[in-house]
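Here is a briefing on one structure.

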Amino acid sequence: MNFLMALIINGPIKSFCYRRLQYLSSKFQMHVLLNEMKELAAQKKVPHRDFYNIRKVDTHIHASSCMNQKHLLRFIKRAMKKHLDEIVHVEKGKEQTLKEVFETMNLTAYDLSVDTLDVHADRNTFHRFDKFNAKYNPIGESILREIFIKTDNRVSGKYFAHIIKVSGAGTLRVDAPCPPPSMEPMPPPSHSEWGPSSCSDVYRTKKQLANFQEMLENIFLPLYEATIHPAQHPELHLFLEHVDGFDSVDDESKPEHHIFNLDSPLPGNWVEEDNPPYSYYLYYMYANMTVLNHLRRKRGFHTFVLRPHCGEAGPIHHLVSGFMVSENISHGLLLRKAPVLQYLYYLAQIGIAMSPLSNNSLFLSYHRNPLPEYLSRGLMVSLSTDDPLQFHFTK
């Protein structure tokens with residue numbers, strides 16, 4: 001990693017890589033000038049296909065916001081009509097039905113609209129990840145987020161599962177392969193069960209984790225157990241057959257108070273309430289996944305890849321970590337500032353799932369997005385939605 005960091009700031013290497021990237025862009029522009037009409041004619045010859053019904057693949061989409069706001073609104077209204085008397089929440093030891101939850105908010109189905117739902121990102125979320133996270137709460141109420149778009153709730157994620165199922169069916173109807181939703185699987189406080197959850201610092205603050213090692217065990221021990229004894233963990237084993245890889249999701253612009261080096265404490269000794277730095281997270285996820293993959297390969301099961309959020313914001317060394325351990329990454333915006341790294345990503349053909357509409361509401365205005373530039377230089381990029389709930393008005 002130190003070698004790569006030194007490479008990035010080396011003057012002659014920066015100049016060389018910058019010139020090579022410019023050469024690749026110019027080569028692409030020349031190709032467009034020479035072949036544009038031929039490609040257009042070839043495109044028109046394809047029967048029964050145009051922009052609206054070509055196959056579309058989404059390589060980066062979060063399950064908790066895979067629906068658009070109109071879809072979520074319809075689902076909530078339907079639930080208010082059909083499941084009013086279902087117990088959906090426990091408040092201070094007292095069970096509440098859906099009807100009682102909405103009564104405490106003084107809301108009826110008639111009052112609900114896309115505007116009152118208020119889940120769409122706007123100019124106020126630009127460079128404000130905290131405000132963006134708050135947009136996951138329908139009507140600004142965290143209780144509704146818990147009931148409708150979480151798994152850890154009184155109804156065991158029944159509503160959330162139904163929304164994902166309907167979203168998937170909708171995707172298939174518009175003639176596109178169902179996207180692989182990013183479930184953000186992080187450890188529950190105990191590894192007796194395995195499912196989506198949160199970050200190390202959240203559990204440390206709640207005194208549910210003693211150190212970072214416990215968090216790693218909560219993620220990976222169940223996966224080892226399901227790989228060694230699939231018959232004893234049939235549900236997890238079946239689920240893992242459909243899992244392609246692991247993501248690591250958070251606000252990359254958060255300041256990091258530590259540097260990952262030889263002096264960094266081992267996970268068992270990481271007892272601080274602060275999160276470990278990005279590279280620490282990525283390294284230990286990669287190290288555990290590598291061992292798990294060897295085991296799964298020997299047992300004839302498919303293996304996993306690491307596909308983290310990387311280079312959306314924050315320091316450039318995130319992209320160095322990503323380059324070293326990832327199969328592909330999501331976002332990669334900061335490569336535009338580092339010609340050496342950008343050229344390395346081009347040479348290694350590391351996939352970059354880019355989301356210009358998402359970035360437009362969070363970190364980088366649409367017209368400055370480097371996706372067309374990356375594409376012209378031959379980097380392996382794909383277009384993705386990220387969070388339709390926050391950024392899209394249509395399917």
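A residue counts as buried under 20% relative accessible area, as exposed over 50%, and as partly exposed in between. F260, with a relative accessible area of 25%, is therefore partly exposed. The model is predicted.

**Aromatic pairs**

- The count comes to 15 aromatic pairs.
- One of them joins F75 and Y159: the ring centres lie 6.1 Å apart and the planes meet at 70°. Planes over 60 degrees apart count as edge-to-face, so the F75 and Y159 pair is edge-to-face.
- This pair links distant parts of the chain. F75 sits in helix 3 (residues 69-82), Y159 in helix 8 (residues 158-173), and 84 residues separate them.
- Both partners fall under the 20% limit for buried: F75 has 7% relative accessibility, and Y159 has 3%.
- F260 and Y284 form another pair, with ring centres 6.2 Å apart and planes at 45°.
- Is Y284 buried or exposed? Y284 counts as buried, at 13% relative accessibility.

**Aromatic cluster**

- Which residues form one aromatic cluster? The members are F212, F260, W270, Y280, Y281, Y283 and Y284.

**Cysteines**

- How many disulfides does a search of the whole structure find? The search finds zero.
- C17 counts as buried, at 5% relative accessibility.
- C66 is buried as well, with a relative accessible area of 17%. The limit is 20%, so C66 falls under it.

- Four strands make up an open sheet in the order 7-8-9-10. The pairing is parallel.
- Which strands are the edge strands? They are strand 7 (309-310) and strand 10 (381-383), and each pairs on one side only.
- Strand 7 pairs with strand 8 (residues 328-331) in the parallel sense, over two bridges.
- C310 stands opposite H331 in strand 8.

Methods. Residues numbered from 1 in each chain as written. Predicted model: local features only at pLDDT ≥ 70, side-chain atom pairs only at ≥ 80, totals over all residues. Heavy atoms only, no water. Pairing = 2+ DSSP bridges. Disulfide = S-S within 2.5 Å. Buried < 20%, exposed > 50% of the residue type's maximum accessible area, 1.4 Å probe, protein only. Phe/Tyr/Trp six-rings, centres within 6.5 Å; stacked < 30°, edge-to-face > 60°.
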